Amino acid sequence: MLTLELNHLRKEFKNKVAVSGLSLKMEEGVYGLLGANGAGKTTLLRMLCDILKPTSGSVLCNGAQIREMGGEYRRMLGYLPQEFGYYPDMKAERYLRYLAELKALPPELIGDKTEELLRMVELYEVRNKKIKTFSGGMLRRLGIAQAMLNDPEILILDEPTAGLDPKERIRFRNIISSFSRNRIVLLSTHIVSDVEYIADRILLMKQGELIRQGTLGQITEGIRGCVWECVAQGAQAEELNERYAVSNLRNCGDKVSLRIVAEEKPMQEALCVEPNLEDAYLYYFTVKEGVGAY
Amino acid sequence: MEKEFAALQKGLLIDGKKRAVALARISKEVREKKIRVTPSLGHRLYVQLHYMEKWYLLFPVLMAAGLLGVVKLLSRQEGWRIELISLLSSGIAFMGIFGAISVSRIFANHMGELEAACFFHVGEIVAVRMILSGLINGVMICVCAFILRGWMREELLKVLVYILTPFLASNCLYFALFLFLREKNMLFVFLAAGAVCACLWLILLCVPWAYEEGMLAAWMLLLLVSVIVFIGEVCLMLGQIREGEMVCSHWN
C-alpha cells in the first residue's frame, strides 16, 4: 500500500515559521487540507512535492526519503500549484505535450493521453488556441489536466476549484472521486463543501500546525453541542452577531434566523443542532481563537 | 499447431476457478502496469529545442551576422583596428542577454514551480537551455573571431580573447541580476543591462593601449576571473533552485 509519511516537517523563512514540526501518515485516499490564509498550506504542499527543501524533518514515500528518490518520486507525482504556470503563447495541446515530455511519458502514449485529458476537461475544441486567451476556469481545467497526465499515484492540488463555476466544480469532484482509488490525493482549498463531499480524511491547519485531523464525522463530533440555531429580533440579532461566531444568517420577515457556533448557549430559546464542516471550520478558526464576530 | 494443442489439452483438467483468478490477475497487471521511460540527454535537449521559443537562439545568430556586416563595411577604412575589435566586443557583450532571457523565461508566469514537480526537473531545464544558448553563442563567437582574424591579420587566440572576455564578463552581470532581482519584467532589466555593458566595452575605443601586446596578460586574467565568477553564479543558481525558494519566488 502506498504511504506518504511526514516526520517533524518544519520550514522557516527569514523571520517566519511557515510549517512547524508537522507529523502525519497518509495512506491511499482523499485528504482535504483546510486552513486560513497564511496557515502554511501551500508551503506544506511544496515540500510534499519536493519543490521546497524543509528546514528540518523529512517526507518518506513508501519508507524512502523523497529528496533521495528525486526523479523517481516526481514520476509518481501530479501537482497543481495555487498559481498555475503556463507559457501564454503556447497552445493548449502543445502545452500538455510539453509537460508530458517533462513527466517522461513514453512518446507513443503522449498523443492519446493528451487527447483523452483535453476531452475530459472539455478543452478539446480549443486545443489549438493560445493559453493566454483562456478564461480563469479554462486555465484551472487545463491545470487539472496537466496534473493527471502521468496518471499519478500521488496527486497534490492547491486550490483546484478556485475560479470554477458550480457545474465545473461538481464535475471536478466526480473526477477526483473516481480517480482516487489506490492513490493518495491531497487537496487544499478554502471551499469547505468540496472537502466535505470528496475527502475521506480532513486536515485542519493553523499557524503551521495540524490542529485537527480525522473523518468528517470525527471532526464534527468534536464540536457537538456547540452549534445553535435561534430566531431573534433585529437589534438582538445584531448583538448576537457581534458577540458570537455566526455561520449563517437569514432574514425571516421582521426577524432574523441565526446559526451560531459557541461553547455556551447564546440565548434561552436557542436549539442545539447537528454540526457540519463549516461550523467546525468556524469553531477551530474563530471561536477557539477567541474571536466572537465573524 | 492448433490441432496439436487441442490434442494435448484433451488430457488436461482445467480448474475453472483457478483459471478465472489467473486471468483476473493478468488483466489487472496489464491495466496497472506502467511503462517507465528515462529520456536520454539527447532527447532532453531535443525536447527543449522543440518546445522553447526559437527567438532566443535565432537572435544571437542574426546579431552576429549583423555585427560582421557592419565590421566588414568599416574594415575598408584605413588603419581601423581597435575600432573593429571594440565594436565587435561591444555587440557580443550585448548578445549575451539572450541566454539570460531564455533562462529567466522559465521562471516567468509561475512555470518554474510546475516544472520543479516534473521528472525532468527545472534545474535540468535551466542547464539544458544554458547548454543550447552556450553552444549557439560559442559558435557565433568562434565564427566572428575567425573572420575578424582574417580581416585584421591578427592571431586567432588574441582575437578570441578580445571578444570572449567582454562576452563572459557581461554574462556575469546578467546572471548576477537574475540571481538577485525578482522584477516583474526581467526582459527590460536585461535589455538595460545589455545596453550598459555594450557602452562600457565601447569606452575601450578611448583607451588604445588596452589592445597593446603587453596588455594581453591582463585580458587573459580578466577572462579567467570572468570564467570563475560565471561558474560560481551557475552553481549558486542551481543550488538555489534545488533549495526551492528561488522557484517559488514571485517573479511576477
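This is a predicted model: local features need pLDDT of at least 70, side-chain atom pairs count only at pLDDT 80 or more; totals for chains, interfaces and linings use all residues.

User: Okay, chain A to begin with. How many helices and strands does chain A have?
Analyst: Chain A has eleven helices and 14 strands. Here helices (H or I, at least four residues) and strands (E, at least two) are DSSP runs, numbered from the N terminus. The C-alpha trace of chain A spans about 70 × 45 × 35 Å along its principal axes.

User: What percentage of the residues of chain A count as buried?
Analyst: Of its 294 residues, 45% do. A residue is buried if 20 or more other C-beta atoms lie within 10 Å of its own, exposed if 12 or fewer, and partly exposed in between, with C-beta atoms placed from the backbone.

User: Which strands run parallel to β7(A)?
Analyst: β6(A), residues 77-80, is one of them, joined to β7(A) by four bridges. There, A:L77 stands opposite A:I154. β8(A), residues 184-189, also pairs with β7(A) in the parallel sense, over five bridges, and A:I156 stands opposite A:L186 in β8(A). Two strands pair if DSSP finds at least two bridges between them.

User: What about antiparallel sheets?
Analyst: One open sheet in chain A has four strands in the order β2-β1-β4-β5, with antiparallel pairing. Its edge strands, each pairing on one side only, are β2 (16-27) and β5 (64-65). Eight bridges join β1(A), residues 3-13, to β2(A), and A:L9 has A:L22 in β2(A) as its bridge partner.

User: Which helix packs on that sheet?
Analyst: Helix α1(A), residues 41-48, packs there and touches β1, β2 and β4 (56-61) of chain A. The direction of α1(A) makes about 55 degrees with that of β2(A). Axes are lines fitted to C-alpha atoms, for helices over the stretch in contact, and angles run from 0 to 180 degrees between N-to-C directions.

User: Switching topic: how many residues does each chain bring to the contact between chains B and A?
Analyst: The contact takes 24 residues from chain B and 24 residues from chain A. Two residues are in contact if their C-beta atoms, placed from the backbone, lie within 7 Å. On the chain B side, α7(B) gives the largest share, six residues. That side divides into 14 nonpolar, six polar and four charged residues. For those classes, Ala, Val, Leu, Ile, Met, Phe, Trp, Tyr, Cys and Pro count as nonpolar, Asp, Glu, Lys and Arg as charged, and the others, Gly among them, as polar.

User: And how do helices inside chain B sit together?
Analyst: Take α3(B), residues 41-51, and α8(B), residues 122-152: their axes come within 10 Å and cross at roughly 80 degrees. That makes α3(B) roughly perpendicular to α8(B). Angles under 35 degrees count as roughly parallel, over 145 as roughly antiparallel, 65 to 115 as roughly perpendicular and the rest as oblique. Where they meet, α3(B) brings B:R44, B:L45, B:Q48 and B:L49, and the α8(B) residues include B:I125 and B:L132.

User: Which way does α8(B) run against α11(B), parallel or antiparallel?
Analyst: Roughly antiparallel: α8(B) and α11(B), residues 216-243, pack at an angle of about 155 degrees, with their axes 9 Å apart. B:V122, B:G123 and B:V126 in α8(B) meet B:L238, B:I241 and B:R242 in α11(B). By class, that contact has four nonpolar, one polar and one charged residues.

Definitions and conventions. Residues are numbered from 1 along each chain as its sequence is written. Chains are lettered from A and ligands numbered from 1 in the order in which they are written.
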